[in-house]
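Please look over the fold of this chain.

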Amino acid sequence: MISRQPTGGRLLLEELPDRWRGLREAGPVRHDEAQGVWQVLDHEHVAAVLADPATYSSDLSALSPTQPDFETFTQGNFVGMDPPEHRKLRTLVSQAFTPRVVQGLEPRIEAVCARLLDEVADQDRFDLVDTLAYPLPIIVIAELLGIPAEEHRLFQEWASVLFGGDQLGEAPDMADLERALEAIAPTVREMNSYMLDYIRARRAAPGDDLTSRLIAAEVDGVRLRDQEMVGFVALLLVAGHITTTALLGNAVVTFDRYPETAAALRADPLRIPTAVEEVLRWLPPFPELGRRVTRPVVLGGHEIPADTLLMAHLGAANRDPARFDAPDVFDVTRSPNPHLTFGHGIHFCFGAPLARLEARIALNMLHERFRTLVIPSHEDITYQNPAVLIGVRQLPVEVGRA
């Protein structure tokens, strides 16, 4: 089943693909003069860049502004590491974050989702982000890590500061990034202190949780030090929920724009997993991934020098007509769907199975609880800064019950 025309006026989330298409018209690789970076825009070259960490490094420290609190945070942040350090940390988390562990979370995710929706059982209108899309994944990942889930509002505040992009425009340069780092440094400092205290407490009194298993795990006789654990656990907690939050909001907005799709999913819930994949392709929460070119290369016919910042544009790659049939058609039956939203290669998002599981359960339960779910006014939607995160901050919905 294919939806071709959305109803109503244009939304920010619908304008973004037009911008991405405009970028790609200049070719698969282009230089952005305003930002001073190279952009890779087609599926083939983006996948190649992400699959070659030796040439395209994830360690951007040499190109980024420095800030002491962030240097502490990044010690255990393996998203910004290359082999062999990346392999060590990735192997450690893989030991403790297995597919069996994730699948075993299904009953708990269902229980949390049900409790959150019970809290609005007497309301016909509520904010979907505040009610469900934010707290659900935060509570789940906090409980998995053994961190008190009742403090999820604090974690939400951290995520809002780190990923809100309030200090940035839609095309930030290095000066903008430096100002942003200084502005959010107090939040990072607070997060570092909280995590360090928690990790030390867990090391002294281990429990049956992911943090305790990470403390005990080792690779080649090496275990994580406390300071490495800070960035590691903070990454899992904060970045580990934001993708699901954005995914759920993007799904509800998109389904509202394509009512025949929403009706088909209600009629056949087995379509929801493929619909989730199409939402991920359609609106990737993180539209770009940065890489540092380690040696001079020729890419897409362009000579790119070493120590250059290169942005792999997932949003544009996911709409590449050379890889996807009818890429600008929202098709929840699309299969296969080789989108790059969760990355590619050694940095493929290990949290992808959890995000998919949470989205499937939440969307199923929304359909079960509510006969109708609509966005009464798109003017009331508040968006994230799309240069940082594609998603909504506030999403008022109106529901009808059987």
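## A helix pair

Helices α6 and α8 cross with a right-handed sense. This is a predicted model. The two axes, of α6 and of helix α8 (residues 135-145), come within 10 Å and cross at roughly 140°. Angles over 145 degrees would count as roughly antiparallel. α6 and α8 are therefore oblique to each other.

Which residues meet where α6 faces α8? On the α6 side they are R108, I109, V112, C113, R115 and L116. On the α8 side they are P135, L136, I139, V140 and E143.

The model holds 22 salt bridges. One of them joins E106 and R360, with the closest N and O atoms 3.2 Å apart. This pair spans distant parts of the chain: E106 sits in helix α6 (residues 106-118), R360 in helix α16 (residues 352-369), and 254 residues separate them. R360 counts as partly exposed, because its relative accessibility is 24%.

A second pair is D380 with R125, at 3.3 Å from N to O. It too links distant parts of the chain, 255 residues apart. D380 lies in the loop between β11 (372-374) and β12 (382-383), while R125 lies in strand β5 (residues 125-127). Both ends are partly exposed: D380 has 36% relative accessibility, and R125 has a relative accessible area of 40%.

R203 belongs to helix α10 (residues 174-204) and D226 to helix α12, so the bridge ties together parts that are 23 residues apart in sequence. R203 is partly exposed, because its relative accessibility is 35%.

Salt bridges can also be followed through a network here. Its members are D18, R21, R319 and D328.

Is N250 buried or exposed? N250 counts as buried, because its relative accessibility is 0%. The cut-off for buried is under 20%.

What does N250 touch, leaving aside its neighbours within four places in sequence? Its contacts are L13, V279, L283, I390, G391 and V392.

Strand β3 (residues 37-40) is covered on both faces. V37 and Q39 are buried on one side, W38 and V40 on the other.

β3 pairs with two strands described here. Strand β2 (residues 29-32) runs antiparallel to β3, and 4 bridges join them. Strand β9 (residues 308-313) pairs with β3 in the parallel sense, over 3 bridges. Q39 takes part in both pairings. It stands opposite R30 in the one with β2, and its bridge partner in β9 is M311.

The hairpin of β2 and β3 has 4 residues between the strands. G36 there takes a positive phi near 70°.

## An exposed loop residue

A322 lies in the loop between α15 (314-317) and β10 (330-331). A322 counts as exposed, because its relative accessibility is 73%. A322 and V40 are 282 residues apart in sequence, yet 15 Å apart in space, C-alpha to C-alpha.

Strands of a sheet pair through backbone hydrogen bonds, either parallel or antiparallel. An open sheet of 3 strands is found in the order β5-β14-β11, with antiparallel pairing. β5 and β11 stand at the edges with a single partner strand each, so one side of each has no neighbour in the sheet. Neighbouring strands are turned by 30° against each other on average, direction ignored.

What joins β11 to strand β14 (residues 396-400)? Their antiparallel pairing runs over 3 bridges. Within this pairing, V374 has E398 in β14 as its bridge partner. The edge strand β5 also holds R125, the residue that forms a salt bridge with D380.

Terms used. Residues numbered from 1 in each chain as written. Predicted model: local features only at pLDDT ≥ 70, side-chain atom pairs only at ≥ 80, totals over all residues. Heavy atoms only, no water. Buried < 20%, exposed > 50% of the residue type's maximum accessible area, 1.4 Å probe, protein only. Contact = heavy atoms within 4.5 Å. Pairing = 2+ DSSP bridges. Salt bridge = Lys/Arg side-chain N within 4 Å of Asp/Glu carboxyl O. Axes fitted to C-alpha atoms, helices over the stretch in contact; angles between N-to-C directions. Parallel < 35°, antiparallel > 145°, perpendicular 65-115°, else oblique. Left-handed = near helix turned anticlockwise from the far one by under 90°.
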